[in-house]
Amino acid sequence: MREQVVCKKSDIEPGEMKKSTFGKQDVLICRTPDGEFYAFMNQCIHQGAPLDRGMICGATTEESEPGGYEYCHKGEIIRCPWHGREFDIKNEGRMLANPDKKIPSFKVRVEDEDVIVYK
Amino acid sequence: MTKNKISLVDTDIHERVQYRDIVDRLDEPFRHYIENCHWIQEKHMPYTQPSVAGVDRADAILPDGRPAGSDLGFMQEQLLDEIGHEFGILTSALDPSPSSMHGWHEMAAALATAYNDWQIENWLDKDERLYGSVHIAAQDRDEAVKEIERVGSHPKMVQVLLPIDDIMWGEPYYHPIFEAAEKHNLMIGMHHNEPPVYYGKWPRYFIEWHTLIPTAHMKQITSMMFNGVFEKFPNLGLMMIEGGFTFIPHLMWKMDQQFRDLRHEVPWLKRKPSQIMKEQVRFTTQPAEELTKKEFMSLLEQMGTDEMLCFSTDYPHWDYDSPHRALPNMDPELKRKIFSENAKNFYPKLPNPEEG
């Protein structure tokens with residue numbers, strides 16, 4: 001499978017996510033608040049939880065000082081439905097606690113109303 | 001996942017009750033206090049829970065909004081059938097946890113009785129794979145013994161559940177509970193409640209509390225050990241539930257070292273503490289730290305036995321361990337022990353054809 005329409009643009013509002021399939025692969029299509037689309041494997045790299053059952057949200061950042069919370073990246077973070085691990089959509093799906101690890105991702109382009117995942 | 005079925009005895013599954021499920025089983029005046037006075041237990045975490053859906057797996061919440069773990073059919077579909085469980089041991093959780101109530105022992109005892117009957121009727125009688133834990137209001141020792149006598153002979157009750165809270169269970173006052181358990185071929189299962197790790201209070205952050213859970217488990221094993229519970233009740237076993245397992249070698253070494261120097265204080269111990277642990281104490285694996293195979297095998301070598309660990313998922317909680325992913329790969333014989341045989345050898349009331 002080289003490329004495939006996975007959904008329509010209007011299927012996913014900015015700041016939301018939805019599962020789809022790319023060939024036999026379960027994929028997670030995310031739309032960040034700026035309107036951009038991203039696609040990842042729909043399985044947590046830790047223990048395999050279905051990421052679409054988690055949430056898309058923001059995160060407390062490492063700029064926070066002890067006792068105070070800085071919260072941003074709203075709509076740009078995927079949190080796993082099991083252990084709550086956080087992955088940064090706009091940083092190649094890297095795990096916040098360990099950026100060496102990332103969720104495998106797919107290329108995405110938008111043509112008219114179609115969201116297309118391709119290799 | 002279905003292609004990869006493994007023989008599994010899951011030693012920690014949390015079925016969930018809501019007060020409305022058991023209120024009809026309570027006598028007055030207890031029923032009145034729940035129905036009309038909106039009574040609930042006093043304890044509860046101060047934290048906003050760290051994960052997506054509080055203490056639960058977000059995908060385990062029922063489609064109609066009921067709490068995770070509250071429906072047998074959904075649990076069968078998502079866990080028991082999906083993984084292919086051979087057996088699962090129910091350990092409940094949260095409300096009502098009668099043993100961890102502070103004060104009002106009469107209500108705690110009434111809740112325990114109602115809970116046990118509800119568990120038997122709605123879970124143990126309805127799925128042959130599921131086995132249960134006897135809930136007791138252990139702070140009221142004599143009522144606890146009565147409840148063990150009442151339901152302990154049920155063929156699918158395999159252990160008496162004690163909370164890890166603010167009572168050290170090795171204390172001789174509580175030994176009649178162990179005597180009653182042993183009489184009915186029940187083991188003791190111990191699971192932490194709230195808030196065991198910080199001198200009866202809560203640390204500032206959930207991450208501190210969750211990190212320190214094994215310390216609460218170590219306290220209870222130490223209390224049971226040096227108060228002579230395992231010598232006094234040689235057929236009794238203790239399953240430590242949900243504290244993980246990487247602390248085990250430390251505790252064995254530490255207790256043996258103390259024993260060499262201070263044995264005269266506890267002369268009733270006829271065996272080395274590490275030997276007693278190997279013979280009578282078991283540990284559920286979750287929450288498992290992510291270890292390499294080398295680290296995991298090294299840990300087993302430090303324990304001196306591969307028969308102490310029993311796999312558990314902790315379904316449906318947020319820190320669920322997947323039977324396929326939580327532990328490193330291991331050879332089939334070791335896998336059979338940790339995922340199945342160790343638990344079957346531990347619980348006398350679990351079917352175990354290999355024992356003959």
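**A walk through chains A and B**

B:D71 caps the N-terminal end of helix α3 of chain B, with a side-chain oxygen 3.1 Å from the backbone nitrogen of B:G73. Helices (H or I, at least four residues) and strands (E, at least two) are DSSP runs numbered from the N terminus, and a polar contact is a pair of N or O atoms within 3.5 Å, where within protein one atom must be able to donate a hydrogen and the other to accept it, and residues adjacent in sequence count only if both atoms are side-chain atoms. The model is a predicted one, in which local features need pLDDT of at least 70 and side-chain atom pairs count only at pLDDT 80 or more, while totals for chains, interfaces and linings use all residues. Residues are numbered from 1 along each chain as its sequence is written, chains are lettered from A and ligands numbered from 1 in the order in which they are written, and side-chain values use heavy atoms, with hydrogens and water left out.

Helix α3(B) covers residues 72–84 and spans only 15 Å between its end C-alpha atoms, whereas a straight helix of 13 residues would span 18 Å at 1.5 Å a residue; the expected span is 1.5 Å times one less than the number of residues. Among the buried residues of α3(B) are B:L72, B:F74, B:M75, B:L79 and B:I83, where buried means under 20% relative accessible area, exposed over 50% and partly exposed in between, computed with a 1.4 Å probe on protein chains only. The buried residues of this helix pack against β1 (9–13), α4 (105–124) and β3 (130–135) of chain B, contact being heavy atoms within 4.5 Å.

Further along chain B, B:H175 lies in helix α6 (residues 175–183) and is buried, with a relative accessible area of 3%. The side chain of B:H175 has a polar atom 2.7 Å from the backbone oxygen of B:G170 and also makes a polar contact of 2.9 Å with the side chain of B:K232. Not counting residues up to four places away in sequence, B:H175 touches B:G170, B:N227, B:V229, B:K232 and B:F233.

Strand β5 of chain B (residues 187–192) is mostly covered, six of its six residues being buried. B:M187, B:G189 and B:H191 point one way from the strand, and B:I188, B:M190 and B:H192 point the other way. Strand β4 (residues 157–164) of chain B pairs with β5(B) in the parallel sense over six bridges, and B:L162 stands opposite B:M190; two strands pair if DSSP finds at least two bridges between them.

Aromatic contacts come next. Over all chains, a search of the whole structure finds 23 aromatic pairs, the rings of Phe, Tyr and Trp (its six-membered ring) being paired if their centres lie within 6.5 Å, with planes under 30 degrees apart counted as stacked, over 60 as edge-to-face and the rest as tilted. The rings of B:Y47 and B:F206 have centres 5.8 Å apart and planes at 85°, so this pair is edge-to-face. Because B:Y47 lies in the loop between α2 (30–35) and α3 of chain B and B:F206 in helix α7 (residues 206–226) of chain B, the pair ties together parts that are 159 residues apart in sequence. Both B:Y47 and B:F206 are buried, and elsewhere ring pairs link B:Y19, B:F30, B:Y33, B:W39 and B:W104 into a cluster.

In chain A, an open sheet of six strands has the order β1-β10-β9-β4-β3-β2, with antiparallel pairing. Strands β1 (3–8) and β2 (16–22) stand at its edges with a single partner strand each, so one side of each is left without a neighbour in the sheet. Within this sheet, β4 (residues 37–41) and β9 (residues 105–111) pair over two bridges, and A:F40 has A:S105 as its bridge partner.

Chain A has another open sheet, of four strands in the order β5-β6-β7-β8, again with antiparallel pairing. Its edge strands are β5 and β8 (94–95), each with a single partner, so one side of each lacks a neighbour in the sheet. Three bridges join β6 (residues 71–79) to β7 (residues 86–88), where A:I78 stands opposite A:F87. A:G58, in strand β5 (residues 55–60) of chain A, counts as buried at 4% relative accessibility.

Some backbone details remain. Most residues other than glycine have a negative phi, and most peptide bonds are trans. A:H73, in strand β6 of chain A, has a positive phi near 55° and is partly exposed at 36% relative accessibility. In chain B, cis peptide bonds join B:Q286 to B:P287, with omega about -5°, and B:Y315 to B:P316, with omega about 5°.
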